[in-house]
Each structure stands twice: as structure tokens, then as C-alpha cells.
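Work through the exercises below with the model open. Each task is followed by a stepwise solution.

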Amino acid sequence: MEATEQLMCRPVDAFNPLITTSFQVSCILVISHIFHLLLKPIGQPGPVAQLLAGVVVGPSFLSRIDRVEEFFIQASSAKYYQFFSFICRMLFMFSIGLEADMPYLKRNFRVVSIIAGGGSILACIFGGPLFWLLTKVFRVTTERFSFYLLILTVLANSASPIVFRLVAETKSDTADLGRLAIYSSLVNEMSCVVVVCTLKAFTSFSKFGGAILIALFTLVLIIVNKYLSYFFNRRNRNNRFVTNSEVFVIIFLLACLSLFVEWIGYTAITCCFLVGLMFPREGKTARTLLHKLTYAVNTFILPVYFGYTGFQFDLSTLNNKLVIALTVLMILVGAGTRIAGTFAACHYLKIPWNEALILAFLLNLKGNYDLILISTPPQPKMVWATDIHNFLLTVVVLDTLIIGPGVAILLNREESCAQYPTTLEILNPESELRMLACVYVPRHVSGHVSLISALGGSPNAPIKPYLVHLVELPKKRKSKLMYHQLEDGDQFSDEEEYGGNDVLEINDAVDSFTVETKILTHQSKLVSSFLTINEDLCNGAEDLRVSIIFLPFHKHQRIDGIMENSMEEIRTINQKVIRHAPCSVGIFVDRGQTGFQQPHGSPSMQNIVTLFFGGPDDREALACSKRISMHNQVSLTVIRFIPTSSRHSSWINDASHKDEEVIMAISNVGTENEIDNAFVETFYNRYVAQGKAGFVEKYVSDGVETVAALREIADMYSLFIVGKGGRGNSPLTTGMSDWEECPELGLVGDLLASSEMNIGGSILVIQRDRHSEPERGGGLLDD
């Protein structure tokens with residue numbers, strides 16, 4: 001707050017400090033881009049380049065030149081730097097809270113807390129002797145407790161913004177390791193803030209009262225934001241985004257809270273993070289804030305903030321052997337306690353040592369709350385001695401500059417070697433299922449969110465759904481308006497015009513789904529030529545580490561029940577995705593009102609059937625059915641089609657009426673049959689025997705009998721799930737290829753989707769990932 005008051009003073013410097021600050025920001029951005037271009041080929045992320053840019057512009061290099069130092073480093077310019085740092089912190093901590101994955105944090109809070117606390121506890125233990133040494137060297141006689149807290153914070157704190165950006169730029173933010181690192185650093189930093197602020201609050205009655213007011217005002221703003229979000233969403237129901245003035249209202253309220261917290265004498269980063277974390281995620285308000293803040297934070301705010309951190313570093317402070325030795329000692333103590341504590345925590349949690357090493361280095365990155373505490377006076381009208389300030393600042397900057405490039409290399413190596421489940425068959429049913437649903441037009445949304453609803457029906461089987469709007473790249477830009485000619489709330493980017501009114505309808509449908517089911521669906525838009533959009537889609541699916549992609553069928557059902565071809569390009573794209581997808585693929589044939597409906601909130605049960613003929617694709621379809629069967633508004637039946645010649649080898653034999661475990665008679669047809677039998681037996685024991693699903697065996701001798709059996713159940717179910725491949729030479733499908741129209745659906749899926757069958761239910765045809773390891777039975781068990 002002191003910085004904002006002094007901004008109003010008349011400048012007494014040779015140059016206007018506002019001009020020098022703006023020019024410094026420009027230099028940091030330009031030089032950081034140059035460094036990023038040079039360092040990116042060797043795997044170094046943006047934060048490293050931005051810190052180096054600040055060091056180059058600062059007193060270590062360019063500002064050593066007298067004319068440059070006279071321009072950049074002035075008496076009152078520091079207040080402008082502090083004010084801009086305050087604005088940057090406020091916005092990026094709010095943005096981090098807004099982007100935080102609350103369901104993941106709730107599920108893994110214990111694990112994240114143990115990892116975050118492992119190194120911090122050791123830092124508190126080993127910080128005592130180091131504190132005693134530093135008090136002797138720097139002759140600290142007053143405010144020793146504040147100095148001890150400062151030393152512990154520098155040793156124990158993790159800079160969550162640096163960890164967040166470093167993990168994101170190495171594309172590890174969707175991996176379990178990257179998410180563990182991000183949320184461990186957040187818990188670590190917020191814990192340090194809370195501990196220091198709590199201890200400070202008990203030093204005087206006024207401080208304690210101020211802390212109570214801060215907590216009360218933060219809670220009030222969280223509640224106010226909920227009502228504002230609801231009001232803005234309703235007010236802009238016909239617009240894609242809320243207006244700029246409405247965004248300004250939310251940011252203004254956040255700034256008022258932050259300024260009040262800083263004026264009281266505390267840091268506002270925890271309040272800003274909590275306000276973002278508790279902000280309602282559904283609706284246009286959250287979408288607009290994410291849209292506007294994400295770009296600004298990643299391209300301007302964080303680079304400037306990291307650059308200013310490096311700008312404060314002065315190499316000339318390392319002017320004698322004692323300071324160098326103390327700097328090295330403190331960096332080694334911080335790194336050593338963090339590595340040892342994190343390894344102990346990861347050993348307890350059974351996390352591999354290579355991941356524990358990366359987590360330890362990531363959590364040792366510094367440069368956020370520790371810098372705030374270094375620059376915060378321990379008492380009003382009192383500052384830390386210059387040698388203490390410079391020493392601790394040097395430790396923080398050098399620690400990040402040394403560890404940052406090394407951990408980036410380790411992350412890139414781990415990323416290149418990392419494997420994630422690309423099939424549902426090998427995924428534990430209680431693990432998080434990541435899926436990507438693709439839509440072209442609004443009518444595709446209802447069917448895909450119904451699938452998301454069915455797969456997310458159990459709290460014991462978490463999901464992370466993504467929905468991408470695929471838009472064809474137009475040849476010419478429609479709008480020639482300049483920025484100042486746009487109406488309030490409009491976007492200047494060409495990409496925002498792509499998709500037309502479909503974007504608004506899709507957003508509204510997803511928002512309604514989120515409000516009704518409380519399942520947060522992450523939306524995005526992919527604008528590309530239809531000739532290459534399949535490549536972009538597959539690359540995006542790989543970056544998101546999804547296990548299955550859901551695609552819409554190129555036909556839609558008319559009112560009279562006839563399937564009509566809507567976009568032939570969709571069929572071509574589906575065929576390309578099926579061939580090159582990095583994971584399993586499902587094509588959803590939506591039958592509209594007569595087909596599958598959203599289970600959440602449905603007054604009646606949704607009857608679903610899985611048709612099992614055998615083979616990898618059918619096993620993948622059955623694995624998908626496991627997830628769906630966990631929904632309490634879904635009734636699943638599995639029908640296994642068996643050749644009549646194998647009737648004597650049936651392993652059911654009224655086993656459903658017995659308590660003992662089902663004994664399977666393994667067929668000697670081949671390995672594929674053995675895997676099928678083992679997989680079905682596992683499903684039967686864990687789902688059918690416990691009453692979670694039904695199971696029926698159908699004995700057929702050829703394709704004609706198979707078709708007859710399918711006609712019998714045509715009107716019994718709202719959703720048919722089947723694998724694409726089945727058995728190529730199986731007698732079960734003999735003759736069915738004579739009327740094949742859509743080979744991307746497989747023989748059975750094509751038959752079900754044809755007008756000849758005239759079924760009312762929707763169809764989900766699943767193909768197992770073709771690039772996965774050959775089957776060896778390793779994915780048969782769920783635990």
C-alpha cells in the first residue's frame with residue numbers, strides 16, 4: 001500500500017519513473033523472447049529465459065553501464081516496480097486458482113500434503129543451525145524471530161507460479177507427475193503463507209483483528225462473486241462472453257480486497273488464490289475470465305514478473321568468499337532437505353525414485369512468497385539490512401537459475417519416456433478416466449454429454465472430460481473491423497469468429513449440463529482445415545493423455561426415423577482418426593429423443609446392452625461398460641454371442657445362483673479365446689455376481705441367426721455398445737458383410753445403424769487403440 005501512495009508523488013528523478021518502468025518491461029519481454037528462441041531447442045522452458053532476461057537487464061550486466069543504470073535504477077522507480085509486481089501477483093494467483101482442478105485436489109489432498117510437507121519439515125529442523133550461523137555473520141540483534149521465519153520460508157517455500165509454468169511448458173501438466181508437482185507446490189506455498197501470517201497475527205491485537213477482517217472480507221467476496229457470476233450469465237445469455245465492463249467489476253473487487261490486505265500488513269496471494277479457487281466454473285463469466293486472463297498471464301504478466309525477479313539480482317553482491325560460501329551453503333541446505341524429505345514422503349507413498357527426484361527439484365524452485373517476505377519490513381518504518389536483503393535475494397534467484405534448467409531436462413526426458421493408459425481395458429476402473437468428446441454442431445452435444453454423464457456416475461470412478469468444438473478453417477476473414485470499432489464484449493481475434501452461432505449454443509448446452517450434473521467439462525475449440533484436422537485432433541488427444549476419443553456419426557436421425565447424411569466430411573475425418581488415433585476411439589450414433597438420454601436427473605432407468613462377440617475391440621467395449629454400470633440410473637446387460645458348436649463349454653451353468661466363485665472352462669481355440677474368456681469371467685465375478693449388471697449367452701450358428709437375435713432386442717435398450725472389430729472370420733457374422741455401408745462402424749455396428757434394423761436406441765461403436773502393446777493378459781484384472 002505504501003508503494004501505491006508514493007506513486008502519486010511528483011517524480012524527482014532525471015527520467016519519469018513510469019517511462020523507465022515501461023521501457024524496462026519492454027526490454028525484459030524482448031530479451032526473454034530472444035533467450036526463449038535460443039533455449040527452446042535444448043528443452044528449456046519460458047521461466048528460465050525470463051529470469052535470465054531480467055538478470056541481463058539488471059545490475060548484473062546491462063545496468064552496470066552508467067547511462068543504463070541512470071535510466072533504469074532511480075530513487076522512486078522501485079515503488080513502480082513493486083506496484084506492478086503487486087498487480088501481477090494478484091492476477092496470476094487469481095488465474096491459478098481459477099484453473100485449479102478441484103476434484104483432483106480433493107481426491108489427492110492427502111498425497112499432495114505429504115509430499116509438500118516432507119521437505120518443509122526437514123527445512124524447519126535444519127534451518128535452526130543455519131539461522132544461528134547467519135545471525136552471527138550478519139549480526140542480527142533485533143527481530144530474531146522474524147528473521148528465523150524469513151530463513152525458514154526461503155528454505156521451505158516452493159514458488160508455485162514457476163512450478164506451474166515450467167510444468168505446463170514441458171507439457172507435463174496433464175501427467176500425474178506434473179499435477180502432483182503443481183498442487184504440492186501450491187499446498188506448500190499456501191501453507192507457508194498461512195503459518196507466517198498466523199504467527200504474525202498473534203504478535204499484537206491489531207494484527208489479529210486485521211487477520212479476522214481479511215478472512216471475513218475474503219469470504220464475502222467469494223459469496224458476492226457467486227451472485228455476480230449468476231447475474232452476469234443471465235444478463236448475457238445471448239452472447240458468447242460477458243462484457244469487458246463486467247470483467248472489470250470482478251477484477252476491481254479483487255483489487256480492492258488485495259489492496260486492503262496489503263494495507264493491513266499481510267500478503268494477498270492466498271486471498272487471490274482462494275477467490276479464484278472458489279469462483280463458479282460454469283457459465284460465461286468463468287469462461288470469459290479464463291479466456292482473457294490465460295493469454296494475458298502467460299504472455300505478459302508472468303514473463304514480466306519472472307523478469308523482474310531476475311532484475312533484482314546483483315552479481316556484485318557476491319564480493320567475498322564468506323558471502324559466496326554462505327550462499328552455496330544455504331542453497332545446498334535447501335536442496336538437501338527438500339530432496340531428503342521428498343524422497344522419504346515418496347517412499348512412504350510408493351512413488352518411484354525417478355519421479356521423487358523430479359518432484360524434489362521442482363518443489364525446490366523459489367521466487368514468489370519468499371521474495372515478498374524478503375522485501376517486507378519486519379516492523380513498520382524498519383527494513384532488513386542491505387546485506388541480508390541482497391544475500392537472501394541472491395540465494396533465491398541463483399537457486400532457481402541453477403535448478404530450473406536441470407529439472408526441465410529431467411521433465412523432458414520423463415515426458416518422452418512416460419506411458420499413460422491409452423485403452424480402457426488396462427485402466428483401473430477406479431482410476432481417473434480422461435476422455436475427449438468431439439462435436440461439430442450443437443445437435444452433437446446432447447449425445448456426448450449423455451455419455452460423459454453415464455461414465456461419471458460414480459464418485460469412486462472419477463473422470464476428466466474434455467469437449468472440443470471442431471470448426472473448419474474458412475478461407476477468408478469475414479470481419480475487417482479495427483479493434484476500436486468492436487462492440488463491448490466482442491473479440492478482436494479471428495479465431496473467435498469461427499464457429500458462428502454454434503459456439504453460443506454449444507456453450508449453453510455444456511453450461512446447463514454442468515449446472516445439472518456438477519461435472520466440470522473442459523471446453524476448447526479446434527479451428528483447422530478439414531484435410532488436416534484429424535492430425536491436430538490426434539496431437540491434442542496425446543497432449544491431454546486421454547484414454548478414449550468420442551466422435552459423432554456423420555448421419556443424424558430425422559423426425560421420421562430415417563438416418564440422413566449431414567456432413568460427408570465428418571465420415572472422412574472419422575476414418576482418419578480411427579486409423580491414427582493414439583488411444584481408443586468410440587463413434588456415437590445418436591438417435592435423438594428415442595435414443596440414449598442423460599442419466600443424471602433422469603426419472604427412469606436407462607437400459608444399456610453390450611454385445612460381446614470377442615476380440616480386442618469387444619473387450620474394450622466391455623471395459624467401457626464397466627464404468628457405465630456404476631451409474632445408479634443405468635441398467636446394464638451384457639449379451640455374449642457364442643457359436644452353437646461351443647454350447648458344451650459354457651462356463652455359466654447357473655453359476656449366478658451359487659455363492660462360490662465361477663470356474664471357467666478355457667476353450668482351446670486359441671490365445672484370443674482364452675483372453676476373452678478370462679476377461680468375461682472377471683467381469684462376471686465382479687459385476688454380474690454382485691448384481692451390478694445382467695449377463696446373457698446367445699448361441700448362434702451364423703450371421704442370419706445373429707441378425708435375428710439382434711432384431712429381438714432392437715426395442716429393448718436405449719444404448720447399444722459394441723466393439724468395431726469382432727472376429728473377421730467368425731461364423732457369428734458370416735454373410736453380414738453383404739450389406740456393409742459404413743466399414744468404420746464394423747459389421748455389427750453398421751448393421752445396427754442401418755435403416756433396415758430400425759432400432760430406436762443409440763449406438764456406441766468402440767475400437768481399441770491399435771498402437772498399444774499386443775495382448776498378454778496383463779490388463780485383465782482391475783486391481
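**Conventions.** This is a predicted model: local features need pLDDT of at least 70, side-chain atom pairs count only at pLDDT 80 or more, and totals for chains, interfaces and linings use all residues. Residues are numbered from 1 along each chain as its sequence is written, and side-chain values use heavy atoms, without hydrogens and water.

**Exercise 1. Find the bridge partner of G723 in β12.**

Step 1. The partner is I766. Strands here are DSSP E runs of at least two residues, helices are H or I runs of at least four, and both are numbered from the N terminus.

Step 2. Strand β11 (residues 719-723) and β12 are parallel, with five bridges. Two strands pair if DSSP finds at least two bridges between them.

Step 3. Turn to strand β7 (residues 584-589). It runs antiparallel to β12, and five bridges join the two. Here I763 of β12 is the bridge partner of V589.

Step 4. Check burial. Six of the six residues of β12 (762-767) are buried. Buried means under 20% relative accessible area, exposed over 50%, and partly exposed in between (1.4 Å probe, protein chains only).

Step 5. Sort the side chains. S762, L764 and I766 point one way from β12, while I763, V765 and Q767 point the other way.

**Exercise 2. State the strand order of the open sheet and its edge strands.**

Step 1. Ten strands form the sheet, in the order β3-β2-β1-β4-β7-β12-β11-β8-β9-β10. The pairing is mixed.

Step 2. From one strand to the next, the twist averages 20 degrees.

**Exercise 3. Describe the pairing and burial of β1.**

Step 1. β1 (residues 433-439) pairs with strand β4 (residues 548-552) in the parallel sense over three bridges. A437 stands opposite F550 in β4.

Step 2. β1 also pairs with strand β2 (residues 463-472), again parallel, over seven bridges. V439 stands opposite H469 in β2.

Step 3. Seven of the seven residues of β1 are buried. L433, M435, A437 and V439 point one way, and R434, L436 and C438 the other.

**Exercise 4. Which residues touch the most other members of the largest nonpolar core?**

Step 1. Define the set. A nonpolar core joins buried Ala, Val, Leu, Ile, Met, Phe, Trp, Tyr and Cys residues through side-chain atoms within 4.5 Å.

Step 2. The largest core has 111 residues, and F92, L134, F147, M330 and L362 touch the most other members. Helix α10 (residues 176-201) gives the most to this core, with 13 residues.

Step 3. List the contacts of F92 (heavy atoms within 4.5 Å). Beyond four places in sequence, they are P161, V297, I301, L302, Y305 and N368.

Step 4. A second, separate core has 52 residues, including L470, L551, M563 and I587.

**Exercise 5. Is T400 buried or exposed?**

Step 1. Locate T400: helix α18 (residues 386-417).

Step 2. T400 counts as buried because its relative accessibility is 5%.

Step 3. Leaving out residues up to four places away in sequence, T400 touches L51, I162, L365, K366 and P405.

Note on methods. Contact = heavy atoms within 4.5 Å. Axes fitted to C-alpha atoms, helices over the stretch in contact; angles between N-to-C directions.
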